[in-house]
Amino acid sequence: MATLLGSESPCAGGKRRPCNSSIIAKFTASKITGQGFSRGTELPGGLLQERDKGAKWHGIPTLLQRLYESSHPNSDLSNAHSFLKVLSSQLSMEAMSFVTEDRKTAQESTFPNTYTFDLFGGVDLLVEILMRPTLTMQKKKKNLNDDLVKDCLSVLYNCCICTEGVTKSLAARDDFVLFLFTLMTNKKTFLQTATLIEDILGVKKEMIHLEGIPNLSGLVQSFDQQQLANFCRILSVTISEPDVGNDDKHTLLAKNAQQKCIASPSRAEVNQVTLLNIPGFIERLCKLATRKVSEATGANFLQELEDWYTWLDNALVLDALMQMATEEAEQSSTESSDESSLATSPLRHRLPQSMKIVHEIMYKVEVLYVLCVLLMGRQRNQVHKMLADFRLIPGLNNLFDKLIWRKYTATNHVVHGQNENCDCSPEISFKIQFLRLLQSFSDHHENKYLLLNSQELNELSAISMKANIPEVEALVNTDRSLVCDGKKGLLTRLLTVMKREPPDSSFRFWQARAVESFLRGATSYADQMFLLKRGLLEHILFCIIDSGCTSRDVLQSYFDLLGELMKFNIDAFKRFNKYVNTPEKFEAFMTQINSSLVDSNMLVRCIVLSLDRFESQTEDVKVVEVLSECCLLSYMARVESRLSFLFRLINIINVQTLTQENVSCLNTSLVILMLARRRAKLPFYLNALREKEYAEKYPGFLLNNFHNLLRFWQRHYLNKDKDSTCLENSSCIPFSYWKETVSVLLGADRTSLCAIASYIDEPFMDLDRDLLED
């Protein structure tokens, strides 16, 4: 809100006039203390006019006074509206400059008119005018003119973006926030209302209860598809857990402590349930997400322009629009598509259609985000069933080539961060949100096979039959009427575009994550072979070894995908050895792995687990052959290699620095020790850790740290069913054996050869017993 900065306003001639300064200072103080003038309209009109020119108020206090006097109860408000229009024209120019000049920091010197409007009570007056019909005691309530409501909302929004504190002040008024939702029933004021609500909810300290919105179900059901898409922008704020920083970088200690303080279920989770209980809500979102551009209905081009302006946060969207039109013109002579007729007409005729395409894309971004959040919530299975029944995946598959990954955008190689909230073009946001949805849909769920078509499902069955292994139960139970149509399923289409991306494209990160999620869970030989037959392993190895890719995020996603693709699959290791066929290539591959174990440790875990299984299958001639020839398996078979990984995995983490991103290092070190324990070699490994400490002349530094890490592991995983299930599925080691091994390692008996404490000499023992205490 406006502050004492007003007392610094310069007077004409460069000198300060104590009277102006005194008026503003006293008025500002009254707003803070509640004593004295409650609003600027109470000041004498003559005084306001006398001081106006010197204070450079541009007549705003006088106009506010007239607005106040003409807006009393029972008046027709026509005069009030005329005064508001004059004020609106003065404030809208400042708001426009704010949008077009990279959103400068809101301050009085930059936006003096908006500042003055707020200082003299303009914001409070407009709120009062808007809410007046709800406060009257009369049975027959008089509704405000639609144009008056629109102008009030527009001025309030301009104040929010140009004057610091206005948005927070409005957000603190729960009655006003809930009242705004009632205005969304009027189609004529919907866009202005939605824009203001989105701004307010973005700064509100406490998330609102959706169930507190009067007749929410009826409100949502009254929306047309365009309004529903806009409403998703608001919903995204109400169903997402509050951002506590980068999730991967936030320490697990801090996150666990925070979860203890948060009531369960959270407000976001309650809001998700509220939405799912609205009849037809998910079905309509699926229709929005999968409709073709030609099916999008709009009133007329002028209405479309007005809607478009609502979406504009900066000039980036318009730039993208113009670029699309130019690209269409350039490629009209070489490409034919459903949109090819656009290229034969002048640019001015094609522009509206280009706008329509990007407009539809922006709608879909919001819809996909809401669906993605719901897929990751507690009601995941319910949401999954609804998305399957409403054929979301086949619908997206039909849009893939013509909208989601159109050919002419394949050359637009924008490298940017992996944050889904990044300030990037609509097309980039759409692609990333689409990939995040696929990742959430496939991750540890039997519905993942809906990403294939019937022919591809038959191929999986044939692979299982040829290998003489039973089909996966989820594959057998897949409803063929809900799978993808056409010659290719969605997963196959994704693999095709994945291979076309440049080495450092950030799309590679999300593409790899989406494909990896299809493989995650209990390892399926048929799933792996399906992807291996399409050259995925060779593509990944090319990216890691030969492409010159330097993005750590992309490399990590490819390491993780490679681990899932190769795990327990002897054919995959044979293919690996065929591609990595020189010492130079193998050295380059290992250099990438060793450059960051946080990024590559999941692949290391896969190799260790696979080697352990293959060594128990020596009756199989093919396994024996690959074991003897594969450079990667031979490298990991050496004890010194496994010990080297173990040393570094334990050394690069500690309890205070554990995050969702690096906790996998702890689990990989545990896998190495569990397999050693199975072969009665655990004492050998623990003694090797002790010898490493003495060689480094730092006794206790590895074992004390590992002991504390395992204590944290017990506290963290024994209370998380999902995490424990993931560990068991990914390693094929029963979780009971994980728990048992950790208990043995943490044993207090110093005579036990399998207890960490036995390998720490008394003077160097530093097992921090209070580290994890509440």
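**Figure 1. Histidine 539 within helix α27.** Histidine 539 is found in helix α27, which spans residues 536–546, and the structure shown here, as in every view that follows, is a predicted model. With a relative accessibility of 9%, histidine 539 counts as buried, because a residue is called buried when its relative accessible area is under 20%. Leaving aside residues up to four places away in sequence, histidine 539 touches Met498, Lys499, Arg508 and Tyr558.

**Figure 2. The packing of helix α27 against helix α28.** The axes of α27 and α28 come within 10 Å and cross at roughly 150°, and the crossing in which α27 passes α28 is left-handed. On the α27 side the contact is made by Leu536, Leu537, His539, Ile540, Leu541, Cys543 and Ile544, and these meet Leu555, Tyr558, Phe559, Leu561, Leu562, Leu565 and Met566 of α28. Sorted by class, the residues of the contact between α27 and α28 comprise 13 nonpolar, one polar and no charged residues.

Figure 3. The loop between α28 (552–566) and α29 (570–579) holds phenylalanine 568. Most residues other than glycine have a negative phi. Phenylalanine 568, by contrast, has a positive phi, near 65°, although the residue is not a glycine. At 12% relative accessibility, phenylalanine 568 counts as buried.

Figure 4. Is asparagine 215 buried or exposed? Its relative accessible area is 58%, and asparagine 215 is therefore exposed, since the word applies over 50%. Asparagine 215 lies in the loop between α10 (190–201) and α11 (216–222), and its phi is positive, about 50°, although asparagine 215 is not a glycine.

**Figure 5. Helix α19 and the arginine that follows.** In helix α19, which covers residues 380–389, the buried residues are Arg380, Val383, His384, Met386, Leu387 and Ala388. Arginine 391 follows α19 and has a positive phi, near 55°.

**Figure 6. Glutamate 471 between helices α22 and α23.** Glutamate 471 has its place in the loop between α22 (454–466) and α23 (473–476), and with a relative accessibility of 37% glutamate 471 counts as partly exposed. Which residues does glutamate 471 touch, not counting residues up to four places away in sequence? They are Ser461, Ser464 and Val476. With serine 461 there is a polar contact from side chain to side chain, at 2.6 Å. The C-alpha atoms of glutamate 471 and leucine 460, which stand 11 residues apart along the chain, are separated by 8.1 Å.

**Figure 7. The packing of helix α34 against helix α35.** Two packed helices are described by the angle between their axes and the distance between the axes. For helix α34 (residues 639–651) and helix α35 (residues 663–678) the angle is about 145° and the axes are 9 Å apart, while the crossing in which α34 passes α35 is left-handed. Arg642, Phe645, Leu646, Leu649 and Ile650 of α34 meet Cys665, Thr668, Ser669, Ile672 and Leu673 of α35. The residues of the contact between α34 and α35 divide into seven nonpolar, two polar and one charged.

**Figure 8. Serine 669 in helix α35.** Serine 669, which lies in helix α35, counts as buried at 1% relative accessibility. The side chain of serine 669 reaches the backbone oxygen of leucine 666 at 2.6 Å. Not counting residues up to four places away in sequence, serine 669 touches Leu646, Leu649, Ile650 and Phe706, and among these Leu646, Leu649 and Ile650 take part in the contact of α34 with α35.

**Figure 9. The chain from which the close-up views are taken.** The chain has 39 helices and zero strands, and buried residues make up 54% of its 774 residues. Among contacts in the chain with a separation of 6 or more, 76% are accounted for by residues 24 or more positions apart. The chain exposes about 34,700 Å², of which carbon and sulfur atoms supply 52%.

Notes. Residues numbered from 1 in each chain as written. Predicted model: local features only at pLDDT ≥ 70, side-chain atom pairs only at ≥ 80, totals over all residues. Heavy atoms only, no water. Helix = DSSP H or I, 4+ residues; strand = E, 2+ residues; numbered from the N terminus. Buried < 20%, exposed > 50% of the residue type's maximum accessible area, 1.4 Å probe, protein only. Contact = heavy atoms within 4.5 Å. Polar contact = N/O pair within 3.5 Å; in protein donor to acceptor, adjacent residues only side chain to side chain. Areas by Shrake-Rupley, 256 points an atom, 1.4 Å probe, with all protein chains shown as cover. Axes fitted to C-alpha atoms, helices over the stretch in contact; angles between N-to-C directions. Left-handed = near helix turned anticlockwise from the far one by under 90°. Nonpolar A, V, L, I, M, F, W, Y, C, P; charged D, E, K, R; others polar.
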